[in-house]
Amino acid sequence: QSQRVESGGGLVQPGGSLNLSCVVPDETSDYSAVGWFRQAPGTEREGVACISGGGTIKYADSVEGRFTISKADAKNTVFLQMNSLNVEDTAVYYCAVRSYNQGPLELRRMCEEWQYDYWGQGTRITVAS
């Protein structure tokens, strides 16, 4: 299923910051995990940052130390704070939800896209001077 749940994309200069938001749909509010994925032109979609309902977090090596994923359970919202952006971060960013009944994930599998069953329509981020 795909619906519009992400916000916060846009154009930013290298070195800049953006904060993405993902509002988790009501039918998946008790989720197993939420992940941020991205797809640049001509590349496969990759997991960027993922968080379990219990707060376990996994980052891709390429964003470790620059991106921070967090969640506000009261608002059913998951955030991705992105700092020190560079042109290689240009992509469409997707929020994905693994529903609760799919069960928990091992840390090493948390950012595998096939583990997620609800997907947003994506928000575009362009890093350019």
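Accessible areas here come from the Shrake-Rupley method with a 1.4 Å probe. On that basis I read off a surface of about 6,600 Å² for the protein. Carbon and sulfur atoms own 46% of that area. I keep in mind that this is a predicted model.

Next I looked up the secondary structure. I found 12 strands and zero helices. The radius of gyration is 14 Å, close to the 14 Å that the globule rule gives for 129 residues, so the protein is as compact as a globular protein of that length. I also noted the extents of the C-alpha trace: about 45 × 30 × 25 Å along the principal axes.

Of the 129 residues, 47% count as buried; the cut-off is under 20% relative accessible area. I took the contacts with a separation of 6 or more and asked what share links residues 24 or more positions apart. That share is 62%.

I picked out L20, whose bridge partner in β9 is L80.

Last, I checked charge. The protein has 11 positive and 15 negative charges. Their mean positions are 1 Å apart.

Definitions and conventions. Residues are numbered from 1 along each chain as its sequence is written. This is a predicted model: local features need pLDDT of at least 70, side-chain atom pairs count only at pLDDT 80 or more; totals for chains, interfaces and linings use all residues. Side-chain values use heavy atoms; hydrogens and water are left out. Two strands pair if DSSP finds at least two bridges between them. Helices (H or I, at least four residues) and strands (E, at least two) are DSSP runs, numbered from the N terminus. The radius of gyration is taken over C-alpha atoms; the globule rule is 2.2 Å times the number of residues to the power 0.38. Buried means under 20% relative accessible area, exposed over 50%, partly exposed in between (1.4 Å probe, protein chains only). Contact means heavy atoms within 4.5 Å. Lys and Arg count as positive and Asp and Glu as negative; His and the chain ends are not counted. The place of a charge is taken as NZ of Lys, CZ of Arg, CG of Asp or CD of Glu.
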